[in-house]
Amino acid sequence: TDNPPTPAILTTAVSDMETAYTNASQHFNTEEYNLGGGNLGGLTLTPGVYTFGTDINIHSDITFSGGADNVFILQATGTLMQAASTNVILSGGAQAKNIFWQVADKVSVGDFAVMQGI
């Protein structure tokens with residue numbers, strides 16, 4: 001059954017989010033800095049830490065390819081914008097729970113878009 005959130009549950013959720021954000025920020029870039037100039041549509045990403053000093057834009061489908069235990073961290077100092085009707089696709093066993101979006105500004109996901117990750 002769905003229970004309405006309580007202040008304690010919300011406090012725990014916010015704390016968990018802050019912990020995840022801080023943890024992601026402590027990982028160093030392992031891939032090309034500002035990959036694609038921040039335009040990730042059409043790309044296939046492999047496991048690693050991706051750092052962007054720009055906004056991240058997803059204007060067409062993007063694929064995360066890796067095993068079930070592989071981790072992807074995307075760090076952005078700007079915004080994350082995903083266009084309408086685009087997809088974040090997982091392949092090779094990659095799992096959404098292992099994709100971390102650390103975005104300093106706002107996140108915008110368009111209508112009918114499929115976003116994956118935390």
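## Basis of the model

The model is predicted, with local features requiring pLDDT of at least 70 and side-chain atom pairs counted only at pLDDT 80 or more, while totals for chains, interfaces and linings use all residues. Residues are numbered from 1 along each chain as its sequence is written, and side-chain values use heavy atoms, with hydrogens and water left out.

## The sheet and its helix

Three strands make up an open sheet in the order β2-β5-β8, and their pairing is parallel. β2 (48–52) and β8 (99–103) are the edge strands; each has a single partner strand, so one side of each lacks a neighbour in the sheet. From one strand to the next, the twist averages 10°. Strands (E, at least two residues) and helices (H or I, at least four) are DSSP runs, numbered from the N terminus. Two strands pair if DSSP finds at least two bridges between them.

β2 and β5 (residues 72–76) run parallel and are joined by five bridges. Within this pairing, Val49 lies opposite Ile73 in β5. Helix α1 (residues 7–25) packs on the sheet, where the helix touches β5 and β8. The direction of α1 makes about 90° with that of β8. Contact here means heavy atoms within 4.5 Å. Axes are lines fitted to C-alpha atoms, for helices over the stretch in contact, and angles run from 0 to 180 degrees between N-to-C directions.

## Aromatic cluster

Phe64 and Phe72 are arranged edge-to-face, at 5.1 Å centre to centre and with 85° between the planes. Rings of Phe, Tyr and Trp (its six-membered ring) pair if their centres lie within 6.5 Å; planes under 30 degrees apart count as stacked, over 60 as edge-to-face and the rest as tilted. Both Phe64 and Phe72 are buried, a term for under 20% relative accessible area, with exposed meaning over 50% and partly exposed in between (1.4 Å probe, protein chains only).

Phe64 also forms an edge-to-face pair with Trp101, at 5.8 Å centre to centre and 85° between the planes. This pair links distant parts of the chain: Phe64 belongs to strand β4 (residues 62–65) and Trp101 to strand β8, 37 residues apart. Phe64 and Trp101 are both buried. Together, Phe64, Phe72 and Trp101 form one aromatic cluster.

## Thr63 in strand β4

Thr63 is located in strand β4. This residue counts as buried because its relative accessibility is 17%. Leaving aside residues up to four places away in sequence, Thr63 touches Leu43, Thr44, Leu45, Ile89 and Ser91.
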